[in-house]
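Thanks, I will keep this short.

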Amino acid sequence: MTPDDPLFKALQALPREIAPERDLWEDIRPALQPPAPAQPAAAPWWSGLLAAAAILLVAVGTGQLVPEPPPAEPAAEAGWSEQMASGMAALEETLASHRDEMEPEMWLIVDQSLGEIDDAMRRIEAAMAQRPDDPQLEVARARLRQQRVALLRTAVNL
Amino acid sequence: MQAFEDLYRAHVGRIHALCRRMAPAEADEMTQRAFVRAWEALPSFQGRSAFGSWLHRLAVNVILTEKRSAARRLARVISIDDPGGSRAPRPVAAGMDLERAIAALPDRARQVFVLHDIEGYKHREIADCMNISEGTSKGQLHRARKLLREALTA
């Protein structure tokens, strides 16, 4: 096609975007199913942890990934988690205040990653209810909390 | 969910334009399906490409898959050799603008034209996603342009 071609000229004038005549979101939203809860038999408790870690890698990028924290000692867990809880709440508040400034794509990744971590946390806590003396579960929970804080810190600085 | 709604708001114009040109009669439905499919496929989006490009490619696949399924359903009822391809084009009224002229093209010619001349796909890419040969893609593009020129000068 040459620039003199009437078809070429007509093509140049076509709009890149066309808004639907009605708001389609109202029909889309009910069709969006939340992620199905994991089946214990099909997914071991630590699979959520792995998924969270994988998405975390995507979210923060290898160049920005915080160093892996040392395994938490169960004895230090109680005091440490209190500090963590208040720090995490402050970070969440900061993130919420920056939410409108973030690119929607980045917000989606952060939101998804937090969801994955929270899902993994729920599975770990369910496992802890059944095996309260399992030290590995304590360590896994502590690591997950550290991952959550690292993700929040990174997201706040985006 | 709020994050996904934000993405919907940011990209719906672009996706709806694609759907309206590729599948004029089902544009709303295809737009909805594309976003639902995107939601389902989100875990596979790893941020390596722009979200808009990923979504656009996904929408093209949704449209072409739906069209193929519809053609198969039709083929069970009536015998057809080339769905949309060999069908006589609907008549094009004089003075019709380009959007309406595109909508009046035979299905396959319209899909190739939209992907190539509007969306910038190469014939190799079109051949891959439409399961046709590059030669067929070129032939359909030639046919579409010819019909559109006739419509624009009518």
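Predicted model: local features only at pLDDT ≥ 70, side-chain atom pairs only at ≥ 80, totals over all residues.

**Aromatic pairs and one buried alanine**

Counting over all chains, the structure has five aromatic pairs. One of them joins A:W25 and B:F4, with 6.1 Å from centre to centre and 45° between the planes, so by the cut-offs of under 30 degrees for stacked and over 60 for edge-to-face it is tilted. This pair crosses between chains: A:W25 sits in helix α2 of chain A, residues 25–28, while B:F4 sits in helix α1 of chain B, residues 2–22.

Next, a pair in chain B. B:F51 and B:W54 are also tilted, at 5.5 Å centre to centre with 40° between the planes. Where do B:F51 and B:W54 lie? Both are in helix α3 of chain B, residues 51–77, and they are three residues apart, about one turn of the helix. B:F51 and B:W54 are both buried.

Back to A:W25 and B:F4. Which residues form one aromatic cluster with them? The cluster consists of A:W25, B:F4, B:Y8, B:F35 and B:W39.

Last, a residue in chain A. A:A127 belongs to helix α5 of that chain, residues 104–130. Is A:A127 buried or exposed? Its relative accessibility is 8%, and the cut-off for buried is under 20%, so A:A127 counts as buried. Between A:A127 and A:L137 there are 7.6 Å in space, C-alpha to C-alpha, and the two are 10 residues apart in sequence.

That is what I had to show.

Key
Residues numbered from 1 in each chain as written. Chains lettered and ligands numbered in written order. Heavy atoms only, no water. Phe/Tyr/Trp six-rings, centres within 6.5 Å; stacked < 30°, edge-to-face > 60°. Helix = DSSP H or I, 4+ residues; strand = E, 2+ residues; numbered from the N terminus. Buried < 20%, exposed > 50% of the residue type's maximum accessible area, 1.4 Å probe, protein only.
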